[in-house]
Amino acid sequence: MDATSLPVTPVAVPRTPSLPAFRVLTANIHMGFDMLNRRFVLPQLREAIRTVGADIVFLQEVLGSHSRHARRWRAWPDAPHYEFLADSLWPQFAYGRNAVYPDGHHGNALLSKLPIVRHQNHDVSVAGHESRGLLHCELELPGHPQTLHAICVHLGLREAHRRRQLDLLCEELAERVPSAAPVVVAGDFNDWRATGHRRLRGCGLVEAFELKRGRLARSFPARWPLLPLDRLYVRGLAVHEVAVHGAAPWSRLSDHLPLSAHLSWPGAAA
């Protein structure tokens, strides 16, 4: 048998598995109260969040406990609000406590259908001012060598404070997130003049609404949205669809409108 007739043995070339498409939602839930703080709407909010079909939910202003409200409102759940919202649909959740006071505490939370393998809350508060934090979670991607980094953000009301907080966020990305890992950074940035937006683009993040619609989404106030306070940034992910949830009942459930996006690994089927 000459060399040209030797059988050819196929060689398997390792491939990086594609990340399946998934949906994310971010919402500032205003402690479970409506825009004017007159109605406790957490049960209605849970039902509305479920209709979106999100795999990962980024939440800000989530109450871990509040003894005075618990005595006043009949529908107040026995469990912390993030557990109440996650119940039976998102088996994984993480909570980052930002503010503590005599009646209780609140912070950021992340609900996930993917396993949360690690999480850490970073206090980025400026002493003597609002309590703020970055909740950094790593999510397991079945069959994929990288974890998905999901950072839930709630920044300060003063621009000088946000500048420092954005610096800390960019440091977190540079020091703790591998360059090849997919990233979602979402939440309430309180950046109505979009000065911080330029800083985040410099850190390699792409804002999903700007990418798909050419502008940041207006999400505040919920009844008459004029300001782009809420954002959804990605790195290493494809953006397929984005939505501002402004129709009823959303405009009656918080002072912010939620944002969602349909994402995947670049090149994967949506």
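Author: A hairpin joins S3 to S4 through two residues. Helices (H or I, at least four residues) and strands (E, at least two) are DSSP runs, numbered from the N terminus.

Reader: What kind of model is this, and how are residues numbered?

Author: This is a predicted model, in which local features need pLDDT of at least 70, side-chain atom pairs count only at pLDDT 80 or more, and totals for chains, interfaces and linings use all residues. Residues are numbered from 1 along each chain as its sequence is written, and side-chain values use heavy atoms, with hydrogens and water left out.

Reader: What makes S3 and S4 a pair?

Author: Two strands pair if DSSP finds at least two bridges between them. S3 and strand S4 (residues 104-112) have nine bridges, in the antiparallel sense. Val100 stands opposite His105 in S4.

Reader: In which sense do S1 and S2 pair, and over how many bridges?

Author: Strand S1 (residues 22-28) and strand S2 (residues 56-66) pair in the parallel sense, over five bridges. Asn28 stands opposite Gln60 in S2.

Reader: What is the strand order of the open sheet?

Author: The order is S3-S4-S2-S1-S12-S11, six strands with mixed pairing. Strand S3 (92-101) and strand S11 (238-244) are the edge strands, because each pairs on one side only. The twist averages 25° from one strand to the next. Angles run from 0 to 180 degrees between N-to-C directions, and axes are lines fitted to C-alpha atoms, for helices over the stretch in contact.

Reader: How do you know that Cys170 and Cys203 form a disulfide?

Author: A disulfide is a pair of cysteine sulfur atoms within 2.5 Å. The sulfur atoms of Cys170 and Cys203 are 1.8 Å apart, so the pair qualifies. The structure holds one disulfide. Cys170 lies in helix H4 (residues 159-176), and Cys203 in the loop between helix H5 (195-202) and strand S9 (206-207). The two are 33 residues apart, so the pair links distant parts of the chain.

Reader: Why is the disulfide of Cys170 and Cys203 called right-handed?

Author: The torsion about its S-S bond is about 95°, so it is right-handed.

Reader: Why is Cys203 called buried?

Author: Buried means under 20% relative accessible area, exposed over 50%, partly exposed in between (1.4 Å probe, protein chains only). Cys203 has 17% relative accessibility, so it counts as buried. Cys170 is buried too.

Reader: Which residues line the largest cavity?

Author: Lining residues have an atom within 4 Å of a point. Among them are Asn28, Leu45, Trp250 and His256. By class, six are nonpolar, three polar and none charged. Ala, Val, Leu, Ile, Met, Phe, Trp, Tyr, Cys and Pro count as nonpolar, Asp, Glu, Lys and Arg as charged, and the others, Gly among them, as polar.

Notes
On a 1 Å grid over the protein atoms alone, a cavity is a set of points where a 1.4 Å probe fits but cannot get out, and a pocket is an open set with protein on both sides within 12 Å along at least five of seven lines; lining residues have an atom within 4 Å of a point.
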